[in-house]
Amino acid sequence: GKYYLYAYESEEKRFKTYRVDRMDTIRLDELGRDGVDAYNKKNITDRQAVVFDMYHGDIHRVNLQCHNTIMDAVLDRFGSKALISPIDDNHFTASATVELSPPFFAWVAIFGHKIKILGPPEAVDGMKKFLQKACDMYEENGEK
């Protein structure tokens, strides 16, 4: 539901993502454009399924075990690039390329017991750490 600008940051020599609705006093520098070669190496149309919001992380092919009731949400999120396979009458696996980031883990968490990250280990560990941080906030002093 948001629009993002995916732009090359000349000073840092890397791409960054900006939310357009949070931008103010936008100016186009007429001195030329940096990052053209780096941009041409990227498949920009694949970015939507990979990036969750404007957060970036390491790119991994994740395998998810999902309940059939969330099939539409999985297809909405990953589109036709997701590899879907039935497990049984109530579940399927989905394999998709994502950047591991807090918004990805939050997206998984909103489905509760209806989705589980099966792999790779980096994704499973990332999910565990994400959930542990949330649990730690509710310990006695709530300052963790």
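L64 has I117, in strand 6, as its bridge partner. Strands here are DSSP runs of E, at least two residues long, and helices are runs of H or I of at least four, numbered from the N terminus. Strand 3 (residues 59–67) and strand 6 pair in the antiparallel sense, over 4 bridges. Pairing requires at least two DSSP bridges between two strands.

This is a predicted model, where local features need pLDDT of at least 70, side-chain atom pairs need 80 or more, and totals for chains, interfaces and linings use all residues. Residues count from 1 along each chain as its sequence is written, and side-chain values use heavy atoms, without hydrogens or water.

The open sheet has 4 strands in the order 4-5-3-6, with antiparallel pairing. Strand 4 (83–86) and strand 6 (115–119) are at the edges; each has a single partner strand, so one side of each lacks a neighbour in the sheet. Neighbouring strands are turned by 30° against each other on average, direction ignored.

Contact means heavy atoms within 4.5 Å. Angles run from 0 to 180 degrees between N-to-C directions, with axes fitted to C-alpha atoms, for helices over the stretch in contact.

| Helix | Strands | Angle |
|---|---|---|
| Helix 3 (residues 71–78) | touches strand 3, strand 4 and strand 5 (91–99) | about 25° with strand 5 |
| Helix 5 (residues 121–136) | lies across strand 3 and strand 6 | about 135° to strand 6 |

Elsewhere, L5 lies in strand 1 (residues 4–9). L5 is partly exposed, at 35% relative accessible area; that class runs between buried (under 20%) and exposed (over 50%), using a 1.4 Å probe and protein chains only.
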